[in-house]
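Open the structure in a viewer and keep the sequence beside it. The stops below say what to select next and what is there.

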Amino acid sequence: MFKKRKRYLDIDISKLKCTGCGSCVDRCRHDVIKLKRIDDRAFAYCANFENCVGCGRCAKVCKHGAIYVTDLAAVDVDTLLRFY
């Protein structure tokens, strides 16, 4: 079992790439990702971000490349500031 610790993560799930297959939901052991259905389309979203341990299993299992997990502690601050 993973020990909870303070993480500086960003989880981005692309609604354009997500097909709603549910692979990421099944793979996540910490109940972080859920499926939401709007009209006739389903897509994944991050429901319990505080439970995320940053293992990246959701991104690895996504066949469509819709999930990106970034450890913000490893990103250079100057690089981040260029986007703002």
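**Rings and a charge**

The structure contains zero aromatic pairs, a pair being two rings of Phe, Tyr or Trp (its six-membered ring) with centres within 6.5 Å, called stacked if the planes are under 30 degrees apart, edge-to-face if over 60 and tilted for the rest. This is a predicted model, in which local features need pLDDT of at least 70 and side-chain atom pairs count only at pLDDT 80 or more, while totals for chains, interfaces and linings use all residues. Residues are numbered from 1 along each chain as its sequence is written, and side-chain values use heavy atoms, with hydrogens and water left out.

Select Tyr 45 and Lys 36. Lys 36 lies over the face of Tyr 45, 4.9 Å from the ring centre; a charge counts as over a ring if NZ of Lys or CZ of Arg is within 6 Å of the ring centre and within 35 degrees of the ring normal.

**Confidence**

Colour the chain by pLDDT, the predictor's confidence in each residue from 0 to 100. The chain averages 82, and 76% of the residues score at least 70. Confidence is highest in helix H1 (residues 23–27), at a mean of 95, and lowest in helix H3 (residues 77–81), at 61. Helices (H or I, at least four residues) and strands (E, at least two) are DSSP runs, numbered from the N terminus.

**The nonpolar core**

Next, select Ile 11, Ile 13, Cys 24, Val 32, Ile 33, Ala 44 and Ile 67. These have the most contacts inside the largest nonpolar core, which has 15 residues. Such a core is a set of buried Ala, Val, Leu, Ile, Met, Phe, Trp, Tyr and Cys residues joined through side-chain atoms within 4.5 Å. Strand S1 (9–13) and strand S3 (41–46) are the elements that give two or more residues to this core, and S1 gives the most, with three.

Which residues does Ile 33 touch? Leaving out residues up to four places away in sequence, Ile 33 touches Ile 13, Cys 24, Val 25, Cys 28, Ala 44, Tyr 45, Cys 58 and Ile 67. Contact here means heavy atoms within 4.5 Å.

**The loop between H1 and S2**

Move to Asp 31, in the loop between H1 and strand S2 (33–38). Phi of Asp 31 is near 60°, a positive value in a residue other than glycine. Asp 31 counts as partly exposed, at 41% relative accessibility; buried means under 20% relative accessible area, exposed over 50% and partly exposed in between (1.4 Å probe, protein chains only).

The side chains of Lys 34 and Asp 31 meet in a salt bridge, 2.8 Å from N to O. A search of the whole structure finds one salt bridge, defined as a side-chain nitrogen of Lys or Arg within 4 Å of a carboxyl oxygen of Asp or Glu. Lys 34 is partly exposed, with a relative accessible area of 28%.

Cys 28 is also found in the loop between H1 and S2. Is Cys 28 buried or exposed? At 19% relative accessibility, Cys 28 counts as buried. The C-alpha atoms of Cys 28 and Ala 59 are separated by 9.9 Å, with the two residues 31 apart along the chain.

**Two further loops**

Select Asp 39, in the loop between S2 and S3. Phi of Asp 39 is near 55°, a positive value in a residue other than glycine, and Asp 39 counts as exposed at 74% relative accessibility.

Finish at Thr 19, in the loop between S1 and H1. Apart from neighbours within four places in sequence, Thr 19 is in contact with Ala 42 and His 64.
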